[in-house]
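Me: Can you walk me through this one? I'd like to know what each label rests on.

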Amino acid sequence: MSRRNLPETEEVKMNMTPMIDMTFLLVVFFMLTIDLTTKEFLPVSLPFATQGEENKDRDPDHKRFIINLEAGGVVEIRKQRYDLSKENPVEQDRAVQDLKRLLKNFVEERRAAGEEVYEPDGACKVPVLIHADRAAHWKYVQWIMQVAADPSIKIYRLQFSVKRPPNMKEADAPAGGA
Amino acid sequence: MAVQVPKAEDTEMNMTPMIDIVFQLIIFFMLQLKFKEIDRQIDSNLPKDRGLAATPTQPPDFQKIKIKVFRREFDKAETEQYTLVKIDNTHEFQLPKAWKGYNDEPKDRQNEYDATIAKIEAVVKSKWNAQPDKSLVKGEIVAPPPKGGFVPHGDIMRMLDVFLVTGLTDVVFEGAAAPLTNAERAAAMGGGEG
């Protein structure tokens, strides 16, 4: 049997161009889908509700204020923590007052930046999102609502973070919801 | 004078470092990616006209469907606590004890919870259907202190959800929250309209 004529070994070069193209596309995709606002959310166990709707408001100029509430009664806003669960009424009062001041500062900040924060009737345009743990006591949520509706702040628009029950039927979804 | 020009070589850029960095970027952005679809919200408004008024002023011809929620045994261990739901003082339901949410409960408990919610929905729906003028019907979620204050947020949201499922979108939260010593601030708070 005659020896087969093997081809000469060439230096094999991979063409990198398509891979780099795809890789850049992936980078762009992930860059665009990244939503830095989620960084403000604490990982809490959200309450379940069938009628929750996706937030379609992508207008960054009217970003809402996000108030996290942990199960134990600790409020966290932009890394600042306020413990509302203190038994001592004086400490409790201080936490609530601090919360009020902070929220007021947020609104003032917006106003100083030249934004129309208030409606003609005096209500605040910017909503507050209450991102609360489902185990948190309702009274803490009530206090947050109370702070938001304070005459010096006047935020009447509220949003509650919820998620769908895992066993929900599609038929139960809200009519206009996604 | 003839200068010997060096032969044009096939210059090749070394791609390896760039690809390394690009992959790092991909990994960074991938880890940042969060699927937001489970994150939904319920919008609601606090009543502007009323604000913090202790006694809500409402036209007397409003028909209310009132859901009262209490936390029973709230001073005992967590496993003993449960939420009691009263609808217009005619119906009473007990949510499962120490309910932690779907993900943390066995299947039979989930079904028990769902069945209770379905019963509450049925009652609210029948009351809603019995009303001739739907525009005059308000839902009300009352959490009387101190027992009401200990109701988990999740249960209140579920009751709000019951109203929304029924089609009742005008919901008021009631329940004096008195966190403050100051008499004025201790005055009851109004609530939110969903």
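Reply: Start with the pocket: α3(B) gives the most to the lining of the largest pocket, with 3 residues. Helices are DSSP runs of H or I with at least four residues, strands are runs of E with at least two, and both are numbered from the N terminus. Some ground rules: this is a predicted model, where local features need pLDDT of at least 70 and side-chain atom pairs pLDDT 80 or more, while totals for chains, interfaces and linings use all residues. Residues are numbered from 1 along each chain, chains are lettered from A and ligands numbered from 1 in written order, and side-chain values use heavy atoms, without hydrogens or water.

Me: What makes something a pocket and not a cavity?

Reply: The way out. On a 1 Å grid over the protein atoms alone, a cavity is a set of points where a 1.4 Å probe fits but cannot get out, whereas a pocket is an open set with protein on both sides within 12 Å along at least five of seven lines. Lining residues have an atom within 4 Å of a point. Points are joined across faces, edges and corners, and the volume is the space filled by probe spheres set on them. By that count the largest pocket holds about 520 Å³.

Me: Which residues lie nearest the centre of the largest pocket?

Reply: A:Arg134, A:Ala135, B:Trp99, B:Lys100 and B:Pro152, out of 31 lining residues. Two or more residues each come from β3 (82-87) and α3 (153-166) of chain B. By class, the lining has 14 nonpolar, 9 polar and 8 charged residues. Nonpolar covers Ala, Val, Leu, Ile, Met, Phe, Trp, Tyr, Cys and Pro, charged covers Asp, Glu, Lys and Arg, and the others, Gly among them, are polar.

Me: Why is B:Lys127 called buried?

Reply: Buried means under 20% relative accessible area (exposed is over 50%, partly exposed in between, with a 1.4 Å probe and protein chains only). B:Lys127 comes in at 19%, so it counts as buried. B:Lys127 sits in helix α2 (residues 107-129) of chain B. Leaving out residues up to four places away in sequence, B:Lys127 touches B:Ile65, B:Ile87, B:Asp88, B:Thr90 and B:His91, where contact means heavy atoms within 4.5 Å.

Me: How much of each chain counts as buried?

Reply: For chain A, 46% of 178 residues; for chain B, 42% of 194. Chain A has 3 helices and 5 strands, in the order α-β-β-β-α-β-α-β. Chain B has 4 helices and 6 strands, running α-β-β-β-β-α-β-α-β-α.

Me: What area do chain A and chain B bury between them?

Reply: About 5700 Å², 62% of it on carbon and sulfur atoms. Buried area is the accessible area (1.4 Å probe) that two parts lose on being put together, summed over both, so that figure covers both chains. In contact terms, 67 residues of chain A meet 58 of chain B. A:Trp138, A:Tyr156 and A:Phe160 supply 13% of the area chain A buries against chain B, more than any other three residues.
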